[in-house]
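My entries follow the display.

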Amino acid sequence: MKDINTGIAQNLATLKQALPPSCRLVAVSKTHPASVIQEAYDAGQREFGENKVQELVPKHEALPKDIVWHMIGHLQSNKVKYLAPFVSLIHSVDSFKLLEEVNRQGGKAGRIIPCLLQVHIAAEETKFGFSREEVLEVIVSGKVQALGSIRIQGLMGMATFTDNVAQVRKEFGTLKALFEEVRQMNLPPNVEMKDLSMGMSGDYPIAVEEGSTLVRVGSAIFGHRDYTK
Ligand SMILES: *Cc1c(COP(=O)(O)O)cnc(C)c1O
């Protein structure tokens, strides 16, 4: 097992080499201090992902302003306002109610906020997200068209946490198929299927093979997280 903070630049270089040009790397820096993120920044990484508003906001304040911040974790409606002025992409939009609140706060901040719809693909009950039918309903209902301060630019999903490669591949394949299905539809002007966010440290090679354009990798860059601090 790697020590925390060892060889961040090396880990980033190894990952970048493993990813095709069609796939971007979001470095998931949750639980790690700003100094560790700065180390990755100094190695050239600019896109970072966090899963908690209360971590993301102070890190945004403390770190260089050309960092591209991704919100990847479950987002409560009452916290959207803190992210609205600066967040680059919210991966974890898991209800229409949340999408409406992102739209409201985007309007207040004078921005159009890029969002992904999180889709429930795992066998586990605990993961958030839309079903396939709910995604199609959001897109075809016309409800999205009225939301002038958001843009839906793709889908996100998390596979089941398992060593069963076939199952993980099947789940990612299901998400890719939905992505392609939506892409073929007659889409409102503020919907564009270009980002498919799937793959973490344990499963990103499979996700890339299944068509991911955005992997969210934490521990393979920063080492194991210490949740006791
Ligand atoms: C923590 C997290 C990741 C990264 O997990 P690793 O296994 O450390 O790569 C990716 N996506 C989401 C939504 C996460 O919360």
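With which residue does Glu 180 form a salt bridge, the closest N and O atoms being 3.0 Å apart? I found the partner to be Arg 183. I took a salt bridge to be a side-chain nitrogen of Lys or Arg within 4 Å of a carboxyl oxygen of Asp or Glu.

I noted that this is a predicted model, in which local features need pLDDT of at least 70 and side-chain atom pairs count only at pLDDT 80 or more, while totals for chains, interfaces and linings use all residues. Residues are numbered from 1 along each chain as its sequence is written, and side-chain values use heavy atoms, with hydrogens and water left out.

Entry on helix α7. I placed Glu 180 and Arg 183 in helix α7, three residues apart, about one turn of the helix. Helices (H or I, at least four residues) and strands (E, at least two) are DSSP runs, numbered from the N terminus. I also recorded a salt bridge between Glu 180 and Lys 176, at 2.9 Å from N to O. These two lie four residues apart in helix α7, which covers residues 165–183. I checked accessibility next, with buried meaning under 20% relative accessible area, exposed over 50% and partly exposed in between (1.4 Å probe, protein chains only). Glu 180 is partly exposed at 23%, Lys 176 is partly exposed at 25%, and Arg 183 is partly exposed at 38%.

Entry on Arg 24. I counted 13 salt bridges by this rule, and one of them joins the side chains of Arg 24 and Asp 195, at 3.5 Å from N to O. The pair links distant parts of the chain, 171 residues apart: Arg 24 is in strand β1 (residues 24–28) and Asp 195 in strand β7 (residues 191–197). Arg 24 is partly exposed at 34% relative accessibility, whereas Asp 195 is buried at 5%.

Entry on strand β5. Why is strand β5 largely enclosed by the rest of the structure? I found that seven of the seven residues of β5 (residues 113–119) are buried, so the strand is largely enclosed. Ile 113, Cys 115, Leu 117 and Val 119 point one way, and Pro 114, Leu 116 and Gln 118 point the other way. I then looked up its neighbours, where two strands pair if DSSP finds at least two bridges between them. Strand β4 (residues 89–93) pairs with β5 in the parallel sense over two bridges, and Ile 90 has Cys 115 as its bridge partner. Strand β6 (residues 150–157) pairs with β5 in the parallel sense over six bridges. In β6, Gly 157 stands opposite Val 119.
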